[in-house]
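Trainee: Before we go through this chain together, could you show me the sequence and the model?

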Amino acid sequence: MSREDQGHGEELRTAFLRHLPQRLRTLLRRARRQCRDGWDINALILLQREFATLADAAGRYGLLEIGTPLAALEAALAPYAGAGQLPDAAANAVLEPQLDALREQIEDAELIAAAAPAQVAGRRLQLRSAATAAPADGYARMDVPPPGYWRTLGLEDAPAAAEDRAEPAVVAADGPASASIAAAQPAAAAAQTAGPRVALLAAGDAHAAALRERLQARGCVVQSLPDAEAAIEALAEQLPMLLVVASSQHATLEALAGELRELRGHAQRFSVLALLEHDELAARLRALRAGADHCVSTAGGLTQALALVDELLKGDAEEPYRVLIIEDDESQALFAESVLRKAGMLARMVTEPLAALDELERFKPDLILMDLNMPGADGLELTALIRERDAFVTTPIVFLSGDPDDERQFAALDAGGDDFIAKPVRPKHLIAAVANRVRRARLAAKRRGAARPAPQASGLVERTELLDRLQERLATGASARLHGGLLLLEVNDARALRERIGMTAYDALIAQVGSWVAGQVEAHELVARFGDAGLLLLAPERDEEPLAAFAQTLAARIGHERFGGHALALSLAGGACGLACGLTDAGALLAAAERALEGGRREGGVGRYAQLAGNRTLGQQLRSGLDGDGLYLVYQPLAPVSAGPAEAQYQALLRLRDEKGQIVPAAMLVPEAIRSGLIGELDRWVLGRCLATLAARERMGQPVRLFASQALATASDNTRAEWLRQSVRDARLPPGRLVLEFRCEEARDQQRTLIDLALALHDIGVGLALSGVGREAIMSGLLEQLPLDYVKLAPELARDDGVADLVARAHAAGRRVIAPRVEDAGSAVALCAAGVDYLQGNFVQQPGQSLDYDFSAGQL
């Protein structure tokens, strides 16, 4: 065989492998449907022929393990096809194990396809270069097989290779599904400029015609699907970006649930939008369980549905994920590259570790997939070099290694890595891990990419800007090696001062103090207002000790200054915390600075977090607290904004009094509980105390509602759910007295878990709240998808110009809105004007152990 013929054969084998997994899934699905619903003679003959064709092709290309079950199925069907008879129940019982054997080969087919030699692409280029010269016989050589050639291999006519064509689009089709699918690939070649592809499963729905017209007016290519089989065929061929299911077809959607899960398990990228005739919780849950990604009501018209379609199509059309693979083993690198490319990502591999540093600048990856043990520079060293570059400080780094040493894995994460995947890895796991990381990283980049607010004329920045910079700083590597610190300053006797001069003059006074402090710091340091009387300073170069010394200098200088129209003399207390203290979260560091400030207040000066830390670790003290020493709850009221009688309701907040008598807040306790493996016990302790308090208040005739924060992983545990159900029954609490609160970040990644948990909670009268809900979560439709009772806004939305629209959207979804951490009058006024239902924070009342807030007035 000539070298050219050999290269051509390699291309044919690669093309066959690329299409084989999907072809096997289609045949398997058709055969199972015939066994289940009854055989048709035409379908029987077609299946028997296709099994024979694929078995022959698999044998020709050396795929004996895949060819064997295909040949067995062809042999089992051949007698029936030859005699024109239909298989009976006994024959189906024989076919089922053979179909199961074929199913087991599909994943092997995917692995083989992913690992096909990458040299084929290079050989194709070589052959094309050779073809530029005129052949000796005067005939042009064909790089693309003639029409109908692929059918000899048991395949549909295939489009050009991905690197030789523009991405295809699909023409609109309203006829039977079989016709639309058969025409899809030739239509794609002729319609490269068509718009986003939408499949509409809406037969018999009143809104179908109007929805189709509105989508086409937006430039969408709409394919109408008559039934479930047509929908599966369309999605299997990756035709639509979005499947819209009308309310009249929800029974069809439920029938498709298993097929949708199977398609998504094979990296098919599509979204499913369910239209609801009425906005009912039960209907939403049924649709989401059946496989819908989003639900929207059409009761008020199609406007909201079309807006959501626009968002979904815009998100689907964004630039493919870019992944840089750093792996010294070329076969492993080729495998990962092929798997990720098959999932629609742009993947590039580098086999020389140090060469990756130059490739970073050229490729600009969204994520780095790196081996841990490599010659020249291992993953730990290379990560440190990458994190030194400002442009890649926050780029996710995922280690892919077969190293079983837990300490080695921890060292990799401590060096600046974000995740660790153990080899060998299944393609589905690799795709999911990479896609989820990149999706979150892009969302965070959009937040950072939004125009950073310039310092105000006073020299202050927004608090959210300072905390974002702090989190970026923490992401650069191991906290023990970080320089810099956080300083929290507070004007002493602030409450008495405010009562003396009035709110307006007081606010102007604190602003003047902030401007004065901003004038004392270095150019690269940031100062922001914090709470009613505080200022927060981020110093990237000053560690805790020099930062505390600087605070003492400020405290001495301010005594010689006069502020406000009353020429007042002021004094400061401070608390300093170094970034090298071991805490890795901005919230935990802020809590540490607050704890240091408490020490400074007590001593009449500046407190240092390092000096307040006891001899025992925080984890050890937390263990003692769970055993009955030091843990307790404090309560902060959720004050209603609207007038009228209001129920008493509080947020339960966890506290620990350490061995030196200092108060440790939940922001430090929860991360430590997770690290120490104590989060399950801690959550149960909190729930137990809340239930005891609720039961006691019921017996006193003074009922309250309590909000308790929980980790989703522990709350969804079956044992915990049963314990909670029995405890609520024993306490004989009316519905709605207890509300469990989960973090938005957890809910976004575990929506199905939260939905199932919500049903169990509502059955026993326990409410559900979501905290930390930001703009992206609201605009993405997350609130409509989850069965929530309350939404707690992210604190940064207090300064968001569009917060009123976000609150209105939450109300439209039937959720009550809480604004937490309200620290000053300006934020309170803005949030009240935006229409929130409740305010929580020190502006309303400091947390305390008594439940004595006056709710009788109703309005804040």
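**A covered strand and an open sheet**

Mentor: Strand β16 has cover on both faces, with Leu-631, Leu-633, Tyr-635 and Pro-637 buried on one side and Tyr-632, Val-634 and Gln-636 buried on the other. Buried here means under 20% relative accessible area, exposed means over 50%, and partly exposed lies in between, with a 1.4 Å probe and protein chains only. This is a predicted model in which local features need pLDDT of at least 70 and side-chain atom pairs count only at pLDDT 80 or more, while totals for chains, interfaces and linings use all residues. Residues are numbered from 1 along each chain as its sequence is written, and side-chain values use heavy atoms, leaving out hydrogens and water.

Trainee: How many residues of β16 are buried?

Mentor: The strand runs over residues 631–637 and is mostly covered. Helices (H or I, at least four residues) and strands (E, at least two) are DSSP runs numbered from the N terminus. Of the seven residues in β16, the number buried is seven.

Trainee: Which residue in β18 is the bridge partner of Leu-631?

Mentor: Strands count as paired if DSSP finds at least two bridges between them. β16 and β18 (residues 649–657) meet that in the antiparallel sense, over seven bridges. Within β18, the bridge partner of Leu-631 is Leu-656.

Trainee: Which strands are the edge strands of the five-stranded open sheet?

Mentor: The order in this open sheet is β12-β13-β11-β14-β15, and its pairing is mixed.

Trainee: What angle does the direction of helix α21 make with that of β12?

Mentor: Helix α21 (residues 503–518) packs on the sheet and touches β11, β12 and β13, where a contact means heavy atoms within 4.5 Å. Axes are lines fitted to C-alpha atoms, for helices over the stretch in contact, and angles run from 0 to 180 degrees between N-to-C directions. Taken that way, the direction of α21 makes with that of β12 an angle of about 160°.

Trainee: And what angle does helix α22 make with β11?

Mentor: Helix α22 (residues 544–558) also packs on the sheet. Its touching partners are β11, β13, β14 (572–578) and β15. Its direction makes with that of β11 an angle of about 25°.

Trainee: What percentage of the residues in the chain are buried?

Mentor: The chain has 35 helices and 25 strands. Out of its 860 residues, the buried share is 50%.
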